[in-house]
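Hello,

Here is the structure I promised to pass on to you. Please have a look at it first, and then read on for what turned up.

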Amino acid sequence: MPVTIDQLLERVEKPSRYTGGEMNAVVKPISEAEVSFAFCFPDIYEVAMSNLAIKILYGILNDLPYAVCERCCMPWVDMRKELMDHQIPLFSLESRTPLKDFDIVGFTLQYEMSYTNILDMLHLGGIPIQSAQRSEADPIVCVGGPCAFNLEPLHAFVDAVMIGDGEEQIVEFTNAVRNGRKQGLSRMEILRSLTKIEGVYIPCLYEDAYNEDGTLKSLTPVDETVPAVINKRIQVNMDEAYCPTHPPVPYTQVVFDRIMLEIMRGCTRGCRFCQAGMLYRPVRERSVDKLCEMACESVSNTGYEEISLSSLSSSDYSHITELATRLTSDLKDKRVSLSLPSLRVDKFVQDTLTQTQQVKKSSLTFAPEAGTQRLRDVINKGVTEENLMETLGNAFSNGWSAVKLYFMTGLPTETDEDLAGIADLAQKSAGAYYAVPKGQRVKGLRITCSASVFVPKPFTPFQWCAQDRPEEVQRKQQMVRELFRPLKSARFNYHDSAISRIEACFAVGDRRLSKVLYRAWELGCVLDGWNEYFRYDLWLQAFADCGLNVDFYAHRVRSKDEVLPWDHINAYIDKSFLWREYEKAMRAETTRDCREGCNGCGLQKVKGVCSVCG
Amino acid sequence: MMAVFEKGETLRYIGHLDLMRTVQRALRRSNLPVKYSNGFNPHIRLSFAAPLSVGVVGRRELMEVPVEEGVTEKQFVEAFNRVSPECLQIVMARSISDEFPTLMSLVAGSRYTIRLMASPEADMAAEAFDRFMALDHYVATRRTKSGENPCDIRPFIKEGNIAKTADGYEIKLETVTFANGALKPSLWFECLCTFAGCDKPHHIIYRDAILAQPENGPLMPMEEYPHA
Ligand code: SF4
């Protein structure tokens, strides 16, 4: 007797990852839909359900009368094995439909190290992994999200890409597939018709060529009907954008188990390592009225006990104090707490601090990113030690005793002195705590410093930079670790250099990496984002098997004129602006925050989009 | 307010704490005038009669939610069900006074149904059922927080019978709860299969009722327990 899904569920550790049925999950009769969309997240349920994009796009698609959107997540090791052993295709949470039976299968790309999961999910879902091998009956496989801005390492597996904000684009896309299917168009005809939608990129309609030294020579359309450049989509008015106020509410605890109120998109800071800060330009705020309305609706629809503000830099929100005040009073009766996660050291005012603690005291996080002022100037992180100490002093005298500080090692121009600065900052933070009189501070100081490894990202001024070689990364990490040894209440954590190395390859890699990715998956790489499953040896073997060199991708400085694999994507950030920023970085020169004046990133040329420069 | 609710199939893998949070969120959505705990992290006051083991479907589970005066049973049921998923619906509610004992203190036993899907293993288990029930003692290993303990499970079983159904078998079981704990139906079923010498057949366990026993009275579903 064939084994049923229910029987599989009994054998896995957390069956609730696969059962769906949550409050606000949308179950529409899938057989009656004119077009069906499987929204796939290439990581496990707990991570997927913490993602804002899925909440927004799931809601938008299911509001369309003709469409059905269901969710699907990467199964954990145990379930994955059960599915393979019993040859049960990976299925959606809502109606348990195999992925292969959807019209569109879409993945959101948040992290390079989830790429093997995409291949795996396609395979488990009964869909040919290689785009070229898909038949007329197979779904159209599309992707979106930040990593889609350099899609090339995935180009062989993806039929269509949506660049930029998805709200409007995904509707046009889904509708076009629906119409194409209705008219009986072939797969290729549908893909070609999709190129008419602003923001949509069809990788198979472009060809790559290389120079003798291995660098990219060109990546050009196969014919003149295909656009040479793809413009990203921008949701200009956030008050008019869809509000995800009734997302599914998971039964089990997920990573961000709360309402995430997206107060704005974009950032005006211009930190030079930050890809999101460049990709999501310009900054677009929601109004306080709109946000309060959203918060109330979200609480009544979800019953969550906590709201966090979501954006790249929440304290930069122009009306942050008013918003915090109004939300706090609106939510008091329902005992909903408000937490402000991505605090910025230089902006956060004491009265806002007092506001939040009124409701809930969560641990504070700050991201100085670098240990010395010089290096912070290089990366354009407009935070000074004074700012940090002042804010910490306020926090410590207001009842906080735990802080997390985030750093990066291996930033361009970094020296050992900069690294020593990390331990120095930790020590000074402790000093700020002990400066608060004993009776006024809360016991149990904990300072946690975490250092990630710098990864060059497309569309940043550091896109030309090399990552430190693994030996150097490890030397630096050990050095800082030693410096932390004498510090009693401070801890130092750091990321695995090997994972960051592969991440760098895929962040800035070209089309040839599709082969490596496929080979790595074949060798057994999946769930690479989970340290315990990351198989460095297999990755190195995959590179070797394909005759490609990790050093070439991760540890090579690129020249100004090099053709980059994402040059045909227009994020409205001029390459010349990025280069200017790169040169300024090398001179440790800062660039002002856009709110102090336009820096001419390129967006100013598009009328009526950037509200900062008018 | 005491409420009888169903923990449906979709929810049967959700643990006790997750269920607590899920009900609290439903209550917050319902806008019912519930009461909150004091302290820095106020949460909705809520208690269950007896935690249900993971994997078991609950047909008549019991919760108690203190609400402000004036909320009728009907209002409570309607407001809750409107905002709760299909697999977590209230069947009935009953206003109880503050003097009513805590539900947890009343638990005296449970009724279960175990549905076995037809298979050679199910036949073996069914065949062994009567012999298993006739035993006076059966020592099983109970896994508790303090390690593995040998435990005689027979005294926990008050009654049991088996019947053939269209798609297999149905076992009915009535268990009693002692001061040192209750018997997990899954453990009992495991023992039956070990005794029968077969692998566990595909099955689903349902708790049909949580039982209470008034002084000198019979065991009865707790929701029928007389007013104090
Ligand atoms: S157009 Fe000017 S103000 Fe707007 S994001 Fe670009 S640099 Fe900043």
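**Domains of chain A**

The centres of domain 1 and domain 2 of chain A, taken over C-alpha atoms, are 38 Å apart. Domain 1 covers residues 5-231 and domain 2 covers 361-495, according to the domain assignment of chain A. Please keep in mind that this is a predicted model.

**Salt bridges**

Over all chains, the structure holds 69 salt bridges. As a reminder, side chains of opposite charge can pair when their charged atoms come close. Here are some that I looked at in chain A.

Let me begin with R178(A) and E34(A), whose side chains meet in a salt bridge with an N to O distance of 2.7 Å. R178(A) belongs to helix α6 (residues 169-182) of chain A, while E34(A) sits in the loop between α1 and β1 (35-41) of chain A, so this pair ties together parts that are 144 residues apart in sequence. On the R178(A) side the residue is buried, with a relative accessible area of 15%. E34(A), by contrast, is partly exposed at 38%.

Which parts of the chain does the pair E152(A) and R511(A) tie together? These two side chains also form a salt bridge, at 2.6 Å from N to O. E152(A) lies in the loop between β4 (140-144) and β5 (160-162) of chain A, and R511(A) lies in the loop between α16 (497-508) and α17 (513-523) of chain A, so the parts joined are 359 residues apart in sequence. Both ends are covered: E152(A) is buried, with a relative accessible area of 1%, and R511(A) counts as buried at 5%.

A local pair is K81(A) with D85(A), where the closest N and O atoms of the salt bridge are 2.7 Å apart. Both residues lie in helix α4 (residues 77-85) of chain A, 4 residues apart, which is about one turn of the helix. D85(A) is partly exposed, with a relative accessible area of 46%.

There is also a network of salt bridges, which links D165(A), E167(A), E262(A), R265(A), R284(A) and R286(A).

Besides R178(A), the buried residues of α6(A) include Q169(A), I170(A), F173(A) and V177(A). After α6(A) comes G184(A), with a positive phi near 70 degrees.

In chain B, helix α1 (residues 16-30) has 15 residues and reaches 21 Å from its first C-alpha to its last, close to the 21 Å expected at 1.5 Å a residue. How much of α1(B) is covered? Mostly covered is the answer, since 13 of its 15 residues are buried. N31(B) follows α1(B), and its phi is positive, near 65 degrees.

E46(A) is placed in helix α2 (residues 45-48) of chain A and counts as buried at 10% relative accessibility. From E46(A) to F256(A) the C-alpha distance is 8.4 Å, although the two are 210 residues apart in sequence.

**Backbone points to check by eye**

Most residues other than glycine have a negative phi, and most peptide bonds are trans.

- R281(A) and P282(A) are joined by a cis peptide bond, with omega about -5 degrees. P282(A) is in the loop between α8 (275-279) and β12 (284-285) of chain A.
- R96(A) has a positive phi near 55 degrees. It is found in the loop between α4 and β3 (104-108) of chain A, and it is partly exposed, with a relative accessible area of 29%.
- A588(A) also has a positive phi, near 55 degrees. Its place is in the segment after α20 (575-586) of chain A, where A588(A) is partly exposed at 27%.

**The second largest pocket**

The second largest pocket has a volume of about 1300 Å³. Of the 45 residues lining this pocket, the closest to its centre are S53(B), V54(B), K184(B), P185(B) and S186(B). The elements that give two or more residues to the lining are α1 (5-11) of chain A, together with β5 (107-117), β6 (139-144), β9 (168-176), α5 (185-196) and β10 (203-212) of chain B. By type, the lining divides into 22 nonpolar, 12 polar and 11 charged residues.

Best wishes

Technical notes:
Residues are numbered from 1 along each chain as its sequence is written. Chains are lettered from A and ligands numbered from 1 in the order in which they are written. This is a predicted model: local features need pLDDT of at least 70, side-chain atom pairs count only at pLDDT 80 or more; totals for chains, interfaces and linings use all residues. Side-chain values use heavy atoms; hydrogens and water are left out. On a 1 Å grid over the protein atoms alone, a cavity is a set of points where a 1.4 Å probe fits but cannot get out, and a pocket is an open set with protein on both sides within 12 Å along at least five of seven lines; lining residues have an atom within 4 Å of a point. Grid points are joined across faces, edges and corners, and a volume is the space filled by probe spheres set on the points. Ala, Val, Leu, Ile, Met, Phe, Trp, Tyr, Cys and Pro count as nonpolar, Asp, Glu, Lys and Arg as charged, and the others, Gly among them, as polar. A salt bridge is a side-chain nitrogen of Lys or Arg within 4 Å of a carboxyl oxygen of Asp or Glu. Buried means under 20% relative accessible area, exposed over 50%, partly exposed in between (1.4 Å probe, protein chains only). Domain bounds come from an automatic or database domain assignment. The expected span of a helix is 1.5 Å times one less than its number of residues.
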